Amino acid sequence: MKKSVKIIIAVIACVLVIGGVIGGYVGYELTYHPSKWLVEGDDALEDIPYEEEVENLPLMANTWQEALPQTEIYTLIKNHFDAPLPEGKTEKKAIVIGYDGCRVDTFRLIETSKRSAIKTLVDMGGQAVFSYAGGVMYPEENIQATSTAPGWCSMLIGRWANEIGVTNNGQPKPVEPKTLLLSLVEEGKADKSAFYVSWDGHFSKKDATYINEKHYAKDNGVNTVFRRALFDPGTKFNIISDLKKEDCSDFIFSTLEYTDHEGHSTGFTPMNIKYVSAFRNAEDAGMDIIETVTARKTYDTEDWLILITTDHGGYGGGHGGPTFEERMTFIVSNKPILQK
Ligand SMILES: [Zn+2]
C-alpha cells in the first residue's frame with residue numbers, strides 16, 4: 001500500500017475515533033445532565049443531617065419509623081388486579097415507574113418543582129410513604145444488599161430476593177417464583193405485560209436477573225415484552241409508545257437510571273446539583289408518562305394504579321451497604337396506600 005494511502009486511512013481512523021469520543025460525551029451529557037428543570041436555589045440547599053431531613057419531608061403519609069417493606073409494591077399491584085372493577089370501569093391497568101437509586105430526601109426538592117410526577121400522584125388522591133430496602137428495618141443490620149437486582153426483584157416477587165438466591169446483581173433468579181410480569185399474564189389477570197429498562201443487568205446479559213424468565217416467556221408464549229433501550233430517553237420512548245396504543249400493556253414495570261447513574265458518578269445527595277438535576281429529569285420523564293396515561297382515550301373506563309418507587313438510596317458514591325441513607329426508600333401511588 002502506498003504511504004500516502006496509509007496516511008489517509010490513519011487520518012480517517014483518527015477522525016472517526018475522536019468524533020466517536022466527542023459524540024459519545026455530548027450524547028452522555030445531553031442525556032444525563034440536561035438542567036432545564038432545575039430551579040433557583042437548587043444549588044444552595046441547606047445542608048442538614050439526613051436523620052433530620054427524613055423527619056421533616058413534605059408529602060409523607062407515614063413516618064420513617066413506620067416504613068413499609070419494599071415488597072409492599074407486589075402486594076399493592078396484586079391487590080389491584082385481584083380487586084373487583086369499580087363502577088364504570090372495564091379494565092385493570094398498572095404501571096411502575098422506577099427511579100433507580102433515588103434517595104427519599106430528594107423530596108425536599110418537590111415543593112419548588114416545575115413538574116413533579118410524585119406530587120401529581122399524591123394530588124390525584126394518592127399517597128407517598130416511606131419504605132425500606134435491605135430485608136429488615138433500620139437500624140437492625142440489613143440481611144439483603146441495598147443493591148439494584150435484590151431491590152427490584154423483591155418488589156416483583158413479593159419476598160426478599162435473597163430468599164431465592166438473588167443476593168446481588170449478576171445472579172439470575174430461577175423462573176420460580178415468577179415475577180408479576182409473568183404471573184399476572186399466566187393467571188389471566190393481565191393480557192400482556194412489559195418490562196422497559198435501560199440497565200443491562202435486568203435481562204440483557206447472560207448473568208442478568210431475569211434472563212431465565214425472559215427465555216421462559218419466549219419458550220412458553222407468555223405475552224410479556226422485555227425491552228431495553230441504551231439510555232433513559234429511549235426507555236421513556238418505549239413506555240410512551242406502548243401507552244399510546246389503544247390496546248396497551250395491562251402491566252408495565254420500568255426503571256429509569258438517571259439518579260443511580262448520577263449518584264455513582266458524582267454522589268448520592270441532594271446537596272449535589274448534578275444529582276438534583278438527575279432527580280428533576282426523572283420527575284420530568286415521570287410526568288410525561290403520567291400525562292400519556294391520563295390522555296388515553298379510554299382512560300375514564302380504565303382502573304389505573306400508578307406507582308413511583310426506588311430500589312435503594314445511596315451514600316457517597318455508592319450503595320449496597322447498611323446505612324440509613326441506603327436503606328430508606330419510598331412508594332408513591334395515585335391511590336391510598338395505608339389502610340385507614
Ligand atoms: Zn439501583
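**A chat about the model**

Mentor: Leu-59 is partly exposed, with 19 other C-beta atoms within 10 Å. For the cut-offs, a residue is buried if 20 or more other C-beta atoms lie within 10 Å of its own, exposed if 12 or fewer, and partly exposed in between, with C-beta atoms placed from the backbone.

Trainee: How is the numbering done, and what kind of model is this?
Mentor: Residues are numbered from 1 along each chain as its sequence is written. The model is predicted, so local features need pLDDT of at least 70, side-chain atom pairs count only at pLDDT 80 or more, and totals for chains, interfaces and linings use all residues.

Trainee: Back to Leu-59, where does it lie?
Mentor: Leu-59 lies in the loop between α2 (50–55) and β1. Helices (H or I, at least four residues) and strands (E, at least two) are DSSP runs, numbered from the N terminus. Leu-59 also has a positive phi of about 80°, although it is not a glycine. Most residues other than glycine have a negative phi.

Trainee: And Glu-66, is that buried or exposed?
Mentor: Glu-66 is exposed, with 12 other C-beta atoms within 10 Å. You'll find Glu-66 in the loop between α2 and β1.

Trainee: How far apart are Glu-66 and Lys-78?
Mentor: They are twelve residues apart in sequence, and 22 Å apart in space from C-alpha to C-alpha.

Trainee: New topic: what order do the strands of the sheet have?
Mentor: The sheet is open, with eight strands in the order β1-β3-β8-β7-β2-β6-β4-β5 and mixed pairing. Two strands pair if DSSP finds at least two bridges between them.

Trainee: Which strands stand at the edges?
Mentor: Those are β1 (68–69) and β5 (224–228); each has a single partner strand, so one side of each is left without a neighbour in the sheet.

Trainee: In which sense do β1 and β3 pair?
Mentor: They pair in the parallel sense, over two bridges. There, Pro-69 stands opposite Tyr-132 in β3.

Trainee: How many bridges join β3 to β8?
Mentor: Six bridges join them, and the two strands run antiparallel. Ser-131 stands opposite Thr-329 in β8. Five of the six residues of β3 are buried, so β3 is largely enclosed by the rest of the structure.

Trainee: What about the other end, β4 and β5?
Mentor: Strand β4 (residues 193–197) is joined to β5 by five bridges, and they run parallel. Val-197 stands opposite Arg-228 in β5. Helix α8 packs on the sheet, touching β4, β5 and β6 (251–256), and the direction of α8 makes about 165° with that of β6. Two residues are in contact if their C-beta atoms, placed from the backbone, lie within 7 Å.

Trainee: Let's stay with α8. How does α8 pack with α10?
Mentor: Helix α8 (residues 232–243) and helix α10 (residues 273–294) pack at an angle of about 5°, with their axes 9 Å apart. That makes α8 roughly parallel to α10. Axes are lines fitted to C-alpha atoms, for helices over the stretch in contact, and angles run from 0 to 180 degrees between N-to-C directions. Angles under 35 degrees count as roughly parallel, over 145 as roughly antiparallel, 65 to 115 as roughly perpendicular and the rest as oblique.

Trainee: And what angle do α9 and α10 make?
Mentor: Helix α9 (residues 258–266) packs with α10 at about 170°, and their axes are 8 Å apart. The two are therefore roughly antiparallel to each other. Residues of α9 in this contact include Tyr-258 and His-261, and those of α10 include Lys-274 and Phe-279.
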